[in-house]
Amino acid sequence: MKKVILNIIENRALTSTVYEMKLSGDLSGITRPGQFVNIQLDGLYLRRPISVCDVCGDTLTLIYKVVGKGTEKMSGMAAGQALDVLTGLGNGYDTSVSGEKVLLLGGGVGVPPLYMLAKRLICEGKSVTAVLGFNTADEVFYEKEFAAAGAAVRVTTADGSRGIKGFVTDAMPENYSYFYTCGPEPMLKAVYKATDTGGQFSFEERMGCGFGACMGCSCKTVTGYKRICKDGPVLEKEEILWED
Amino acid sequence: MGRLSVELCGVELENPVIPASGTFGYGYEFAEIYDINILGSLSFKGTTREPRFGNPTPRIAETASGMLNAVGLQNPGVDRVINEELPKLRKCFHKPIMANVSGFSVEDYAYTCEKLDGQQQVAWLEVNISCPNVHGGGMSFGTDKGCAAQVVRAVKAVTAKPVIVKLSPNVTDITEIAKACEAEGADGISLINTLMGMRIDLKKKKPVLKNTTGGLSGPAIFPVALRAVYQTAKAVSIPIVGMGGVSSAEDVIELMLAGATAVEVGAANLVDPFASKKIIEDLEPAMDKYGIKNLKDIIGGAL
């Protein structure tokens with residue numbers, strides 16, 4: 001974890017509710033895809049955790065959906081403004097166990113952390129298929145970016161307005177050595193059932209601190225209690241215990 | 001000793017700043033980013049007889065100038081705290097520590113305190129009879145002076161270490177509870193624990209917290225804490241550890257003027273992991289600004 005001041009260099013809408021923010025500064029705290037940052041915003045007490053979409057040199061890319069006061073405030077910010085950010089939070093994805101034919105399954109704003117992961121895996125010489133799921137054609141983003149990075153991309157939409165009609169689990173290739181996923185919990189549950197290899201899941205939870213101090217975001221796993229912010233957000237398939 | 005030093009129940013503190021239980025884990029997350037030996041002490045995560053997961057999530061919600069938590073005393077239980085957590089803490093923190101203890105019966109409190117009494121690094125037992133997030137324990141002992149007295153009596157019987165009782169503000173008159181604890185031999189009082197509150201999610205039209213209610217902390221509660229410390233300092237003669245929304249060196253000074261001997265910093269650590277460090281660094285400049293030579297001289301100065 002590092003506490004740094006990052007400067008906004010770009011903040012633009014990708015869809016009607018999803019924004020891409022680029023920031024520059026010391027990003028040495030970020031070591032793995034799938035980690036997140038925690039952003040302080042004026043007038044709001046708790047920081048806002050946002051997953052890392054990409055780190056390229058000293059430029060950090062974050063993609064966020066406007067869902068509440070914090071992300072609404074972020075969407076109104078402009079280049080030149082500075083943010084107080086805790087970087088390098090969470091365990092991130094472990095690419096060392098992936099094998100050669102890797103499947104990525106992302107849903108909605110669960111897609112962004114898979115982008116840096118795709119780049120990392122491709123850089124390691126692995127072949128990557130990215131299945132990106134959205135509700136409708138209007139919500140689709142980053143299809144071209146994944147393709148440009150060298151991934152085979154399949155887009156699904158729930159209403160069939162773009163790509164394959166259905167969910168990410170309706171567009172999975174037959175053969176893959178390992179998978180990585182991030183998305184809403186119903187999607188993660190469906191992926192859990194539909195996959196037959198090992199894999200890693202990234203979870204979301206309301207957090208207090210984001211660095212393991214408050215126990216606000218704990219969950220039960222096969223290997224004991226874990227803090228989503230510190231021991232996660234990425235859990236291995238075999239350690240997940242679904243509640244409810 | 002220096003200008004910042006204070007003495008709490010016979011134990012010297014280099015400065016009065018103590019991260020509050022539940023906001024600092026067992027210290028080592030923070031030791032990764034700064035040398036935590038600059039702290040006066042630290043109060044580690046509330047410990048119970050048996051391991052606890054706590055409440056279902058979500059158990060955190062934001063409020064204006066603060067937050068609600070309904071963690072519910074997640075901890076690995078006293079045996080694992082002693083065998084796993086404290087050895088790790090010892091490696092990064094070399095000063096006396098405050099052991100925070102909670103329970104669900106008078107026997108629980110005595111059992112856990114007796115075990116922690118054997119730990120050399122533990123200088124004080126902070127007996128939490130004020131957790132608002134557990135059912136059938138915690139705060140129910142701290143809202144009745146008879147129950148509070150029973151816990152203090154049972155704990156005093158099993159330890160020679162100073163016993164500091166952590167009180168709930170969710171009562172009609174906090175001074176009555178404090179006096180009952182003092183009468184049973186409590187060596188100090190710490191206050192305030194969180195205030196009970198709730199939020200409702202407008203989209204779901206349901207409480208944000210799965211536990212429905214949670215404990216409010218953060219700057220929003222500082223004036224309530226200050227008032228409770230002030231009133232309690234007038235009512236008892238044992239030392240007081242003040243806390244509740246402390247975010248700056250000025251807040252520390254205010255609480256000490258109201259009668260606190262030491263001050264705990266809670267929610268601020270969660271928002272800025274360097275908060276306790278910054279408060280300590282800001283103390284001397286703030287003292288200079290307000291013409292304070294030694295911190296120990298101002299304790300209760302506004303009473």
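How many Å separate the centres of domain 1 of chain A and domain 2 of chain A, taken over C-alpha atoms? The answer is 23 Å, and the legends below start from there. This is a predicted model, in which local features need pLDDT of at least 70, side-chain atom pairs count only at pLDDT 80 or more, and totals for chains, interfaces and linings use all residues. Residues are numbered from 1 along each chain as its sequence is written, while chains are lettered from A and ligands numbered from 1 in the order in which they are written.

**View 1. Where the two domains of chain A touch.** Chain A is assigned domain 1 (2-89) and domain 2 (95-202); such bounds come from an automatic or database domain assignment. Their contact takes 14 residues from domain 1 of chain A and eleven residues from domain 2 of chain A. (Two residues are in contact if their C-beta atoms, placed from the backbone, lie within 7 Å.) On the domain 1 side, look for strand 4 (48-56) and strand 5 (59-65) of chain A, the elements giving two or more residues. Strand 4 of chain A gives the most, with five residues. (Helices, H or I with at least four residues, and strands, E with at least two, are DSSP runs numbered from the N terminus.)

**View 2. Chain B meets chain A.** Here 26 residues from chain B face 21 residues from chain A. Strand 4 (60-63), strand 5 (66-69) and helix 9 (268-271) of chain B each give two or more residues to the chain B side.

**View 3. Chain A by itself.** You'll find four helices and 15 strands in chain A. Its C-alpha trace spans about 50 × 40 × 35 Å along the principal axes. Among contacts in chain A between residues at least 6 apart in sequence, 60% join residues at least 24 apart.

**View 4. Inside the largest nonpolar core.** This core has 172 residues, and among those touching the most other members are Leu104(A), Ala118(A) and Val263(B). (A nonpolar core is a set of buried Ala, Val, Leu, Ile, Met, Phe, Trp, Tyr and Cys residues joined through C-beta atoms within 7 Å; buried means that 20 or more other C-beta atoms lie within 10 Å of a residue's own, with C-beta atoms placed from the backbone.) Helix 7 (residues 222-235) of chain B gives the most to this core, with seven residues.

**View 5. Zooming in on Val263(B).** Leaving aside neighbours within four places in sequence, Val263(B) is in contact with residues including Pro16(B), Val17(B), Ile18(B) and Met256(B).

Technical notes
Buried ≥ 20, exposed ≤ 12 C-beta atoms within 10 Å, placed from the backbone.
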